[in-house]
Structures are given as structure tokens and as C-alpha cells.
Amino acid sequence: MNILILPGDGIGPEIMVQAARVLDKIKSEGEDITLSHGTLGGAAYDAHGHPYPDATQALARSADAILLGCVGGPQYDTLPRAVRPEQGLLAIRKDLKLFANLRPAMLYPELAAASSLKPEIVAGLDIMIVRELTGDIYFGQPRGRRTNAAGEDEGYDTMHYARSEVERIARVGFETAMKRNKKLCSVDKANVLDTSILWREVVTELGKTYPEVQLSHMYVDNAAMQLVRAPKQFDVIVTGNIFGDILSDEASMLAGSIGMLPSASLDANNKGLFEPIHGSAPDIAGQDKANPIATILSLGMMMRYTFGRADLAQRLETAVRKVLAAGLRTGDIATSGDNVVGTRAMGDALIAAL
Ligand code: IPM
Ligand code: MG
């Protein structure tokens with residue numbers, strides 16, 4: 001397993017230390033793991049003047065899988081857009097053709113009280129959001145700034161999807177549903193957008209080849225509402241880049257904390273970039289407060305999806321369940337009376353549980 005580590009910014013380095021300790025532990029048991037290290041985002045800008053420098057690109061292209069911390073921070077907010085940390089993330093996704101973004105939102109029973117929704121609405125929640133990641137309005141051309149016919153300054157972006165792009169992400173959605181409860185909800189805005197009309201046609205067409213999957217379609221505004229009204233109606237959701245960006249943040253809150261949720265961004269051969277879905281949390285960076293669980297679970301997704309090692313993924317997931325059952329909580333998932341521990345102590349407990 002040739003794994004590239006990209007700690008990134010903010011709390012990234014400290015959560016990655018815990019992930020590296022977990023990898024060391026697995027390696028000490030005889031697994032063939034080779035680690036390389038690189039920079040992405042603000043850290044890469046500081047070191048190389050670019051958020052996705054050539055050195056990182058070369059490492060990323062030759063790795064089997066990449067574990068990323070998180071990118072961004074207030075010190076970079078005034079940089080020109082082309083060199084801002086988020087551009088590094090968008091660039092590596094595009095460069096490696098990581099079109100399939102899997103974002104699970106599940107609630108550990110121990111954390112039901114940490115959700116902002118009533119426990120009965122979220123207890124047992126287990127959703128998988130499949131988000132297209134390399135197309136849509138994020139990358140569509142033309143885009144930019146111009147002076148319009150009335151002489152006014154305007155900004156513009158272009159939403160588009162080609163049939164093949166919709167088909168390949170829809171296929172991931174159907175395949176994911178086949179491995180779960182065989183329910184797929186495709187989210188679009190086909191009552192307004194031409195892009196979505198094509199999206200719905202392609203998904204419907206492909207659905208004929210998955211007769212076992214119960215396919216439904218939902219407008220994105222309704223989906224946003226249903227996610228907080230009755231989230232357990234969903235099994236797998238498949239959607240485009242921007243709708244998936246928004247809905248996955250919303251879904252993460254159902255699970256109690258964004259600090260718990262991993263993600264996988266995969267290419268057509270299951271090579272992938274794995275990252276917690278939380279941001280770089282500059283307000284708590286360097287204070288031993290960050291929750292390393294989402295990163296450890298991202299490592300689990302890497303084992304499962306890139307390396308086909310469901311056994312190792314399960315061990316990591318079981319270790320997380322054990323530390324939660326033992327009552328350990330970082331600040332973000334603590335409710336009153338809980339035993340609040342720091343990043344390193346959480347890492348210690350996870351390694352012991354492994
Ligand atoms: C995410 C983030 C990114 C996105 C940003 C940081 C560019 O919000 O991974 O969801 O919009 O895709
Ligand atoms: Mg987002």
C-alpha cells in the first residue's frame with residue numbers, strides 16, 4: 001500500500017499524526033505499507049507558492065491512495081483565488097479524475113444526544129451521499145467577470161453535465177445501493193435546470209439495468225427539507241457536485257458532529273483521496289482539541305475501497321465504536337457529564353482498541 005499523506009492546514013497536521021500512528025500499528029503487524037509525505041493547500045502555498053505544487057502532483061500521481069487532513073485558514077483569505085487553499089483541493093480532484101465522492105452520514109447510537117435533531121428522528125441513521133466531484137458549475141466554462149450589455153459589472157458561472165459524466169456517477173450510485181438497502185434517490189432541479197433534465201433522463205435510463213434498485217427522484221430543495229424532516233427515508237442519494245456539496249454538510253449535522261464523518265473521492269479504478277469532511281478549524285488548531293475520528297474512519301474507507309481490505313476497515317470502525325462505548329469524547333461530540341479527552345488521548349484509545 002503506497003500511501004501519500006497530505007496533512008494540509010489548521011488541525012490537519014495534528015489529526016494526521018494520529019492517523020500515522022494507526023498506520024504504524026497496522027504496519028507493525030506485517031502489512032506492506034509505504035508512506036510518502038507532501039503538502040497541499042495553504043501549507044503548500046507557504047512552502048512552494050502554489051496550493052497544488054508540482055512536487056505534490058508527482059507524489060499524488062504515483063501513490064495508490066492519498067490521506068488528506070484539511071485545507072484552508074483565515075491567513076489565506078486575501079490571496080488571489082488561483083492560489084487559495086481550496087483551489088489545491090479542486091485541482092487534485094480534477095487532476096486525478098476523482099469523480100465519485102462518497103460521503104456517509106451515520107449516527108453512532110452513543111452520539112444521539114449530540115445531534116441537533118430529536119433522537120427519534122436520527123437514531124439508526126445511515127445514509128450514503130454519492131456526489132459527483134469533477135464537473136458541474138464547479139468547473140464549467142465559461143466563467144468569470146464581465147461587463148454586461150447594460151454596462152454593469154457581473155459575475156457568471158456555467159452549469160453543465162455531459163451524458164457520460166452523469167452515467168458514470170449514476171452507476172456508482174446504483175452499485176452502492178446494490179450493496180446496501182437497494183434504494184437510490186437521485187437529487188436534481190429538473191423543474192428549472194436543463195442540466196437536471198438531462199441528469200434525470202440518464203439516471204432513469206440507467207435505472208432500467210438495475211431492476212432491483214428502487215429508484216426515486218427528488219428536487220434539491222425538497223431533499224434539503226426531507227433530510228431534516230425524516231432523514232431515515234434515505235439509503236443512497238446520488239447528486240451533482242454543487243447540490244452534493246450543500247446536502248452533505250446538512251447531512252453531517254444529523255450525525256451529531258462533522259468531526260465524525262469520513263469521505264472517499266475515487267477514480268474509475270478505485271484509486272482515491274480520503275479525507276474527513278470537516279474543515280481546518282483554525283480556531284482550535286494546535287490545541288490538542290480536534291477530533292481525529294473522521295480521519296481514522298477515512299483511513300478505513302481507504303482500506304475498504306482502494307485496497308479491498310474490508311477486514312482492516314472493520315477493525316478501524318470497531319475501534320471507533322469501542323472508544324465511543326467507553327465514553328471517550330472530544331469536545332465536539334461531548335454533552336454534559338462526558339469524559340472529554342484531547343486529540344492525542346483519543347488516538348491512544350483508538351490504538352489500544354485496535
Ligand atoms: C467540500 C468543500 C470544498 C467543496 C471546498 C473547500 C472547495 O466544501 O469538500 O465539500 O466545495 O467541494
Ligand atoms: Mg463542502
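## Basis of the description

Helices (H or I, at least four residues) and strands (E, at least two) are DSSP runs, numbered from the N terminus. The structure is a predicted model, in which local features need pLDDT of at least 70 and side-chain atom pairs count only at pLDDT 80 or more, whereas totals for chains, interfaces and linings use all residues. Residues are numbered from 1 along each chain as its sequence is written, chains are lettered from A and ligands numbered from 1 in the order in which they are written, and side-chain values use heavy atoms, with hydrogens and water left out.

## Overall architecture

The protein chain contains twelve helices and 14 strands. Its radius of gyration (taken over C-alpha atoms) is 20 Å, which agrees with the value near 20 Å for a compact globule of 354 residues; the globule rule is 2.2 Å times the number of residues to the power 0.38. The C-alpha trace of the protein chain spans about 60 × 50 × 40 Å along its principal axes.

## Surface, charge and cysteines

Buried means under 20% relative accessible area, exposed over 50%, and partly exposed in between (1.4 Å probe, protein chains only). By this criterion, 51% of the 354 residues of the protein chain are buried. The protein chain exposes about 14,900 Å², and carbon and sulfur atoms supply 52% of that area; the areas come from the Shrake-Rupley method with a 1.4 Å probe, and for residues only the protein chains shown count as cover.

The protein chain carries 36 positive and 43 negative charges, whose mean positions are 4 Å apart. Here Lys and Arg count as positive and Asp and Glu as negative, while His and the chain ends are not counted; each charge is placed at NZ of Lys, CZ of Arg, CG of Asp or CD of Glu. A search of the whole structure finds zero disulfides, a disulfide being a pair of cysteine sulfur atoms within 2.5 Å. Cys-70 counts as buried because its relative accessibility is 3%, and Cys-185 likewise counts as buried, at 5%.

## Helix 12 and its cover

Helix 12 comprises residues 343-353, and its buried residues are Thr-343, Met-346, Gly-347, Ala-349, Leu-350, Ile-351 and Ala-353. Their cover includes helix 1 (12-28), helix 10 (293-305), helix 11 (310-325) and strand 13 (328-329).

Thr-343, which belongs to helix 12, is buried, with a relative accessible area of 1%. Apart from neighbours within four places in sequence, Thr-343 contacts Glu-14, Ile-15 and Gln-18, together with Asp-288, Lys-289, Ala-290 and Pro-292. Ile-296, in helix 10, is also buried, since its relative accessibility is 1%. With neighbours within four places set aside, Ile-296 is in contact with Gln-18, Ala-19, Val-22, Leu-316 and Leu-350. The C-alpha atoms of Ile-296 and Ala-325 lie 17 Å apart, for a sequence separation of 29 residues.

The loop between strand 12 (272-276) and helix 10 holds Asp-288, a contact of Thr-343. Asp-288 is not a glycine, yet its phi is positive, at about 60 degrees. With a relative accessible area of 37%, Asp-288 is partly exposed.

Ala-285 is located in the loop between strand 12 and helix 10 and is partly exposed, with a relative accessible area of 28%. Beyond its neighbours within four places in sequence, Ala-285 contacts Gly-10, Ile-11 and Glu-14. The C-alpha atoms of Ala-285 and His-50 are separated by 22 Å, and the two residues are 235 apart along the chain.

## Further backbone features

Gln-141 and Pro-142 are joined by a cis peptide bond, with omega about 0 degrees. Pro-142 occupies the loop between strand 5 (126-132) and strand 6 (144-147).

Lys-97 has a positive phi, near 55 degrees, and is a residue other than glycine. Lys-97 is situated in the loop between helix 4 (85-95) and strand 4 (100-106), where it is exposed, with a relative accessible area of 57%.

Terms used:
Contact means heavy atoms within 4.5 Å.
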